[in-house]
Each structure stands twice: as C-alpha cells, then as structure tokens.
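These are my notebook entries on a structure that I am reading for the first time. I set down what I looked up, entry by entry.

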Amino acid sequence: MRIPSTLTQNRSLAAIVLGTCGLAFSFSARAAASPDAPPVILIQNATILTVSHGTIEHGSVLIKDGKIVEIGASIKAPKDAQVVDAAGQFVIPGIIDCHSHIAVDGSVNEGSVSVSSIVNIADVLNPDDIDIYRDLAGGVTVANVLHGSANSIGGQTVVIKLRWGQPAAKLPFEGAVPGIKFALGENPKRSNFSLPGATPRYPTTRMGVEETIRTAFVEARDYKKTWDDYDKRVAAGDKNAIPPRRDLRLDPLVEVLEGKRYVHAHCYREDEILMLLRVAKEFGFKVRTLQHVLEGYKVADEIAAAGTGASTFSDWWAYKVEAYDAIPYNAALMTRRGVIVSINSDDAEEATHLNQEAAKTMKYGGLTHDEALKLVTINPAIQLGIDKRVGSIDVGKDADLVIYNHDPLSAYAVVQKTLIDGRVYFDRQRDIADRGAREMEKKALMEKEKRAGEKKPDATIEIGKRPGAKPEEKKSEEKPKPPQADAVSGGAL
C-alpha cells in the first residue's frame, strides 16, 4: 500500500495505515534526520567486529559528521559527544543486501519487451515503503534495488541507503555505480507466464535468451561507434558534424561496454552461467555479479577466472525446476574457489535476518566466523563498488553501523540500533516505548473512521432549485380504487 500524500508528513499516522508489522513505527527516523542530530557520537564498551582488521574487545567507535573518525580500545569522549554505552553488545558494519526489491512503487517488471533497458528503478522509488523500516530493524543499511527478471535485459538498477523518513531523492547511495538487470533461464523465456490465447513473446528458449542479449550488444557496439566517430569529428573541428540520433534503449548498454554500468544477472544453471560469461567476453564487458547462481558451485573456477562476483541464497532449494540442484554448500564452495560471494535476500522479510542467513555457511561449508560475516558486509560492498565507503569499520568510512545484543551470527541476536551516516534510523528501545501511543492513536483513528461511515449523507440540492429553498412536499401517488359493487352488472364481484 502506498501512503497517501496527505499522510507523509506524519509518521505516526502512517503507522496507523501500515503498522501491522509487529514493529510499530517510531519517531526515531524523523528525529535522526532532523538538523539538530548530534554531529559527534561515541559508541563505547562494545565488541567491535571490524570485518577488515579483526575484533576489538571493549572497544569504541567515534563518529563525527557521519564518518568514522577513530576506532580503538579506549577513546575519550569529546566534550560535545553523545555517548552510547554498548556494554556487552556487538557492533558491526551495516548489512548490505545485494539483491532487493524494496522501496519500489508498483511492479518491478516491465515485462512487455525482451530488452527493457530504457526503464529505471530510480524513477519509482517509494520512500514510504514499510519494508525500509523493517529491514532497518534487521540491520540492513544498504540495498541494491533491482528490476525484475522477466526480461533478458531488464531495467536499470539503483543502490540505496535505507534513510527512513527521507524523500525519495535522498535514498540513492551517492556516487554508487549504476547497474542493470539481466536474467537467464525460466523467467525471461516466460516458462511459467504464458496467457491462453496470447502470442508468446520472444524468446521462449534459452537459445533465444542468449541471442537476444547478443543482438542487443551488436546494436550497442554499432551505436557506440557512431558516437565515437561523431566525437572525433567534433574534436577535429568539423562544424558540420551531425550528432547521431539518441537511442535510450542502447545508451545504458553502451555504458556497460564502457565499464560505467554494472551488470547484475539473474541465473541458476551452470550452462546459462557459462553462456553469459562467453557473451560478456565476446563484447569486452564484465558481469559484475551473478545473482542467485544456485549452480555456481559447479563452475566456480570459471566464475572466479572471469572476475565475476556471486550473490546467492543461503539454502533456498527446489522452489522451481531450475533450482533443484541448489545446495546449502554453494556459498562456501564458491568462496573456497576464489569467488567473491555475498548472501542476499530477494525478499523483504528475508532481509530482516540476513545475519542468520550468513551464519548458515558456518554449518554448511565450514566458513569461519569472519568469512561468514563478510558475506553480508564487505563482500556485497565490493560487488557494488562501494567498499571504499561502507562494508567494514574503518576510519574515514561512512558511519553505517549496527548494534546487536548478542554475537550477530547467533540465532539470539537482536538489533538494538541501526545507524546510517552517523544517525540513528532504528532504535529498538524507542520503538518499543512508542508502541503504546501508536496503538492508541490507531484505535482512535479507526473509531473516527467508523463514526464517519455511520454518518448520514447531507441532503442533496435539486437541480434548478435555489440553495436554501424548502423542498416541495411530494404528493402521494393516487392509486386507482377497486371497482364498487354497484358499478358491476348484477351486483356481483
């Protein structure tokens, strides 16, 4: 449900409309986003899991103007700092979800054509999506929001920070390389989406999916050459040079060829994985990530050699035919073969416990604690090209942090606070404290709505009558009287 524009200024009222998640809305996001948010925060006495340089017991993190400025075992609180005592708790970098569909207004699929590279997810971001807040409550701070998988070449994608309470324009991760969604297998060949009587959309086979991608890049390569030739003529001083006609469908593919846009490809089977890697090599671009990649363990060496990342599920299996060979050891096996692997959600609810999904790789594959934690922090940051800003706790990086009450890879771990850019966007204690007030407000509004529904409608004004004039009294319709006995021949009825 989209919150009506009249409600977007009041988060508490928005809670009434959407607050059925078990985690009621709070004012924490709005307060955190206010201009008077403290510029200096010190988180102290915590176990700091830096991801990049080990664990610091009884450690502290100093944040200033949204950046991490100091990390250590003993940091003296500056005079103007807000101190967060995290004794007995754990601090990790914000969780990064490399495959998400949250914060999108309406459908994520422009499925009418096989190549829909003209459309852009950034155009339909919905900052009021309740899943943003729920995922914050699960420690997620960054999400790669993707187009759907109905197309061989889908729409453009966008990386966002989960800045709940901010407008859509404030969600995109500043400076993140844009992406584009590709898809292989059952979804783009429409195996399960045929409509009776409708003409099937090309392609309907895996061969057709490959040909569709190859044809699009042949066109993009030729289109790029026309622009390169034009630019050379202009640089040489040719004032009569006429620019080529813009093609919005091919512009993003030219960016792929130039390394300015990342390819994130939905896939499952080993044969289609190898197919896309061959096509990419043919045209001189790299596939940045293979998404889902459930048979990646079968071709892990080839994926590593291509320099391609793998963003997979922890243990989803057999939900459709091409997922039957999925195994929970996939992430660990690819990691051992040198592939940069992340664990993603592809689902708003799954994203609320990605820390536990990563922990499964310790059981299924024997990854270490640090390796498992990397699957949802620094590895997806590398895959999205944002690792210089987020993904680990290092001086100079964005203060995107999560505080847990237990080890984050424990089944008992619950998020206490989630910070983005040094601002608290989720605070569990504040959330719980606000639930009573939100529930009361919800009941009051529902009662008001009920009374409004019972209220009689106002009298309507008849056309042609002067406003305020008394309505004419209606005469009762005269029904014909039954015939009298004396009017009937013989006097009989």
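The model I am reading is a predicted one.

Entry on E272. I located E272 in helix α6. Is E272 buried or exposed? With a relative accessible area of 3%, E272 counts as buried, because buried means under 20%. Leaving out residues up to four places away in sequence, I found that E272 touches L184, G185, R206, C267 and E322. I also noted that a polar atom of the E272 side chain lies 2.6 Å from the backbone nitrogen of Y268.

Entry on the nonpolar cores. The largest nonpolar core holds 93 residues, and F182, F217 and F285 touch the most other members. Helix α6, residues 270-283, gives the most to this core, with seven residues. I then looked up F285: beyond four places in sequence, F285 touches F182, F217, V256, L257, V263, V279 and A280. I recorded a second, separate core of 18 residues, which includes I68, A86, V91 and L419.

Entry on helix α4. I checked the length of α4, residues 206-235. At 1.5 Å a residue, its 30 residues should span 44 Å, and the end C-alpha atoms are 43 Å apart, which agrees. Among the buried residues of α4 I listed G208, T212, F217 and Y230. What covers the buried residues of α4 includes β8 (153-161), β9 (179-183), α5 (251-257) and α6. Just after α4, I noted that G237 takes a positive phi of about 95°.

Key: Residues are numbered from 1 along each chain as its sequence is written. This is a predicted model: local features need pLDDT of at least 70, side-chain atom pairs count only at pLDDT 80 or more; totals for chains, interfaces and linings use all residues. Side-chain values use heavy atoms; hydrogens and water are left out. A nonpolar core is a set of buried Ala, Val, Leu, Ile, Met, Phe, Trp, Tyr and Cys residues joined through side-chain atoms within 4.5 Å. Buried means under 20% relative accessible area, exposed over 50%, partly exposed in between (1.4 Å probe, protein chains only). Helices (H or I, at least four residues) and strands (E, at least two) are DSSP runs, numbered from the N terminus. Contact means heavy atoms within 4.5 Å. The expected span of a helix is 1.5 Å times one less than its number of residues. A polar contact is a pair of N or O atoms within 3.5 Å; within protein, one must be able to donate a hydrogen and the other to accept it, and residues adjacent in sequence count only if both atoms are side-chain atoms.
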